[in-house]
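My entries follow the structure.

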Amino acid sequence: MAFLTEADRKYTTPEDICAHVGDEYARFSGAIVPPIYQNSLFVQPTDVNGIDANDYIYSRVSNPTVEIAERKIAALEGADGALCFSAGMSAITSAILHFVRAGSHIVLVGTSYGPAMNFIKNYLGKRFAVTHTLVTGSDVSEIEAAIRPETTLIYLESPSSCVFMMQDLKAVAALAKARGIGTCIDNSYATPLHQQPLKHGIDIVVHTASKYLGGHSDIVAGALAARREIIESIQVNERELLGGIMDPHQAWLLTRGIRTLPVRLKQHAESARKVAEYLENHPKIKKLYYPGSKSYDQKALFEQYLSGCNGLMSFTTYGSSEQVNAFVNHLHCFQRGCSWGGFESLAIVIGWNEESGRYGLPQNLIRIHVGLENEDTLIADLEQALALLPEAE
Ligand SMILES: Cc1ncc(COP(=O)(O)O)c(C=O)c1O
C-alpha cells in the first residue's frame, strides 16, 4: 500500500510522474534505478513488544519496490494511493469484493472484460448469491433503471476493449453517490494518461498492468487506485488476506515500463491513427471500431473523457468466418494473440455468443493491436491479407 508523498506531489505532468515519482536517491545510495527488494522478510531492529519498529514486515503486506510502482500509478490517476497486484484479475476481484456482501446486487456493463464478468456472474453469483443486471451502459437512464435496493456496485469498463463502448462517468458517479452505491471502472484501455476517472467521481480505478503500463509483454500484473480509506480497507482485507500482492521483480519491471509509457503511447497512437484511416477508407472493411476514428459511435463521450487513443482497434469485414480466419492467419507482422499493449502487433478473431451479441459485439470481429513496428510495414501486411477477402456484394 503506498500513498503519495509531498515529494511525489511536486511532479504534475504525466511525463515527469512516469520518469521521476518514487526517485529517492538518498534512500537508495544514489542509484538512478532503485534496487529490487527481492526478500520475503524484513527483520525488526529491536523487540518492541509486538509493535513493529520497521516500516516493512513481510512482502505479502508491503515491499519498497512494489511501492514505487504504486506511487507512480497513484500520481497518474490523481488518487491518494494505489495497490499493485499479481495480475489485473487480482486487482479487479479485490475491488469487486470490497463492495459486495452475500446477497448484494451489481450493475454490470455487458461489454466488460470476460473473466471480470465471469467472476460476478458465475463465481459470486453461484456461491454467494450475488445477483447482477447487465446493461449496455450507453445510456445513464438504463443504469438507473437497473439499480435495486440491494445494489452495492456499478462496474464499468470505458472504453471497453473489443468494441470500445463508453459510459458517461460523471453521470454514473453522481447517480451512484446519491444512492450510496460504489463505482469501479476498468481503465486499462485509456490508461491514466488519457482518462482519469477518479476526477469524475468514480471510486476505484482498476488496471491490467500487463498491457500498456508494463508495455513489454514480459509481466502479468495489475493495480488499483482510489482514495485513502478504500486503499486502507483493501490492503488489510482483500490484498493481505487473499495474498495477491505483486512480486518485487514484477514491480521493478512495471516501474521500468511506466517510465516510457508517454513516448510509447504517443507512437502507438500515431501509428494506429494511420492504420485506422487506411482501414476506414478500405472497401473491404464493413465497420471500424476505434474511438479516435471519424465514424466512432460515441464521439461526444470520447471528446468529454478521453484525451487520446492507443493502438487497439477492431473491425468487421465482408466474407464468411472461414475467410475472416484465413485473413488473420495470412498476416505476417501481426502475430495471433489475445493480449495487447506491448511493443508487438497482434491480431485475433474475438469469440462471440448470443449474450455478447446483445451487448454490441458483432460476429467475426477482428481485433488488432498496432505495436511499435513501422506503420507502413503494418499497412502493407494488412493490404496483402485483405486481398483474400471479398468486397461488399
Ligand atoms: C480490459 C482488460 N481488463 C483486465 C484484464 C485482466 O488482466 P490480467 O490478464 O493482467 O489479469 C485484461 C486482460 O486481457 C483486459 O484486457
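At what angle do helix α3 and helix α8 pack, and how far apart are their axes? I worked on a predicted model, where local features need pLDDT of at least 70, side-chain atom pairs count only at pLDDT 80 or more, and totals for chains, interfaces and linings use all residues. Residues are numbered from 1 along each chain as its sequence is written, and side-chain values use heavy atoms, with hydrogens and water left out.

**Entry: the helix pair.** I found α3 (residues 88-99) and α8 (residues 228-242) packed at about 115 degrees, axes 10 Å apart. Axes here are lines fitted to C-alpha atoms over the stretch in contact, and angles run from 0 to 180 degrees between N-to-C directions. Helices are DSSP runs (H or I, at least four residues), numbered from the N terminus. The crossing of α3 past α8 is right-handed, meaning that the near helix is turned clockwise from the far one by less than a right angle.

I then listed the contact, with heavy atoms within 4.5 Å as the cut-off. From α3 come S94, A95, L97 and H98; from α8 come I230, S233, I234, E238 and L242. I sorted these contact residues into 5 nonpolar, 3 polar and 1 charged. Ala, Val, Leu, Ile, Met, Phe, Trp, Tyr, Cys and Pro count as nonpolar, Asp, Glu, Lys and Arg as charged, and the others, Gly among them, as polar.

**Entry: ring pairs.** My search of the whole structure gave 8 aromatic pairs. Rings of Phe, Tyr and Trp (its six-membered ring) pair with centres within 6.5 Å; planes under 30 degrees apart are stacked, over 60 edge-to-face, the rest tilted.

F42 and Y56 are a tilted pair, 5.3 Å centre to centre and 35 degrees between planes. Both lie in the loop between α1 (14-20) and α2 (64-77), so the pair ties together parts 14 residues apart in sequence. F42 is buried at 10% relative accessibility, and Y56 is buried at 11%. Buried means under 20% relative accessible area, exposed over 50%, partly exposed in between (1.4 Å probe, protein chains only).

F119 and Y123 are stacked, at 5.5 Å and 20 degrees. Both sit in α4 (residues 114-128), 4 residues apart, about one turn of the helix. F119 is buried at 10%, whereas Y123 is partly exposed at 37%. With F128 they form one aromatic cluster.

**Entry: charges over rings.** I required NZ of Lys or CZ of Arg within 6 Å of the ring centre and within 35 degrees of the ring normal. R228 lies over the face of F3, 3.8 Å from the ring centre. K287 lies over the face of Y289, at 5.1 Å.

Note on methods
Helix = DSSP H or I, 4+ residues; strand = E, 2+ residues; numbered from the N terminus.
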